[in-house]
Amino acid sequence: MRIAVLSDIHGNLVALEEVLDALQPYDAVWQLGDIVGYGPQPDEVVARLASEKALGVRGNHDAAALGELDLDAFNDDARTAVEWTASRILPATRAWLAGLPQRREEGQFTLVHGSPRDPTWEYIFSLGIARLNFAAYSTRYCLVGHTHVPLVVRLDRARLEPMLPDDGDTLVLDDRRAIINPGSVGQPRDGDPRASAMVVDTEQNVVEWRRVEYSIGDVQSQMRDARLPPRLIARLQAGL
Ligand code: ZN
């Protein structure tokens, strides 16, 4: 089975459509949360994922848009975007988001947004944090998002091996445990503004990362029309 793994789409339908095109052919779509927030098309993104029968989990922005998180935990721009999203999304979007768990297991994979220790908030940015999280899930692999940066941390006996995957890079899935991040579809933050995602092939046992160009200008003009914060509009171009 070929699975398109997406995270942090953040209401960016233009990027999502390009990524789904680029990752063809696939048999399933998994998503790792933060479907909404920041971007201008939350309803359309949720409808598209629903049409793909995407399996996945909720992120902090999804929970906040449902009114389930204290907005004081967000910075000003993020909070403005959450409030805009919450005030706008359709009941069907709300219901679909509300049905997402914080964590799910699919075969050898655990899916969470932030980390298995703290699916809502923890960022796996460092080897120290990664090490603590290997004890917090029981499958072989853990798929995470939240940082908007593609990353692998593999556990080789007691040693941690990090890898920062770029476009076309692959990881062979063997019996070593690994925490794996596809990067962000809708708002990459590693300095490369192209959308980031990956395909997991469970027959070949390989993961491949892909970077996909999309029309950033189209999304920015929609964000301007929606009066979303200027800093959020500018950062798409920088990929930061
Ligand atoms: Zn996010």
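## Basis of the model

The structure is a predicted model, in which local features need pLDDT of at least 70, side-chain atom pairs count only at pLDDT 80 or more, and totals for chains, interfaces and linings use all residues. Residues are numbered from 1 along each chain as its sequence is written, and side-chain values use heavy atoms, with hydrogens and water left out.

Helices (H or I, at least four residues) and strands (E, at least two) are DSSP runs, numbered from the N terminus.

Buried means under 20% relative accessible area, exposed over 50%, and partly exposed in between (1.4 Å probe, protein chains only).

## Nonpolar cores

The largest nonpolar core has 44 residues, and Leu6 and Leu49 have the most contacts inside it. Such a core is a set of buried Ala, Val, Leu, Ile, Met, Phe, Trp, Tyr and Cys residues joined through side-chain atoms within 4.5 Å. Two or more residues of this core come from each of strand E1 (2-6), H1, H2, helix H3 (60-65), helix H4 (76-88), E11, helix H7 (216-225) and helix H8 (230-238). H1 gives the largest share, seven residues.

Leucine 6 touches residues that include Leu16, Val19, Leu20, Leu23, Leu49 and Ala197, not counting residues up to four places away in sequence. Contact means heavy atoms within 4.5 Å. Apart from this core lies another, of 19 residues, among them Val57, Leu143, Met198 and Trp209.

## Helix packing

H7 and H8 pack at an angle of about 175°, with their axes 9 Å apart. That angle makes H7 roughly antiparallel to H8. In this pair, Ile216, Val219, Gln220, Met223 and Arg224 of H7 meet Leu232, Ile233, Ala234, Leu236 and Gln237 of H8. Axes are lines fitted to C-alpha atoms, for helices over the stretch in contact, and angles run from 0 to 180 degrees between N-to-C directions.

The axes of H1 and H2 come within 9 Å and cross at roughly 25°. H1 and H2 are therefore roughly parallel to each other. Their contact is made by Leu13, Leu16, Glu17 and Leu20 of H1 with Glu44, Val45, Arg48 and Leu49 of H2. Angles under 35 degrees count as roughly parallel, over 145 as roughly antiparallel, 65 to 115 as roughly perpendicular and the rest as oblique.

## Backbone features in loops

A cis peptide bond, with omega about -5°, joins glutamine 24 and proline 25. Proline 25 lies in the loop between helix H1 (13-23) and E2.

Arginine 157 is not a glycine, yet has a positive phi of about 50°. This arginine 157 is in the loop between E7 and strand E8 (159-163) and is exposed, at 76% relative accessibility. Asparagine 205, also not a glycine, has a positive phi of about 55°. The loop between strand E11 (195-201) and strand E12 (206-212) holds asparagine 205, which is partly exposed at 36% relative accessibility.

## Leucine 100

Leucine 100 is found in the loop between helix H5 (91-98) and strand E4 (103-106). At 9% relative accessibility, leucine 100 is buried. Leaving aside neighbours within four places in sequence, leucine 100 is in contact with Gln31, Ile35, Gly56, Val57 and Arg58.
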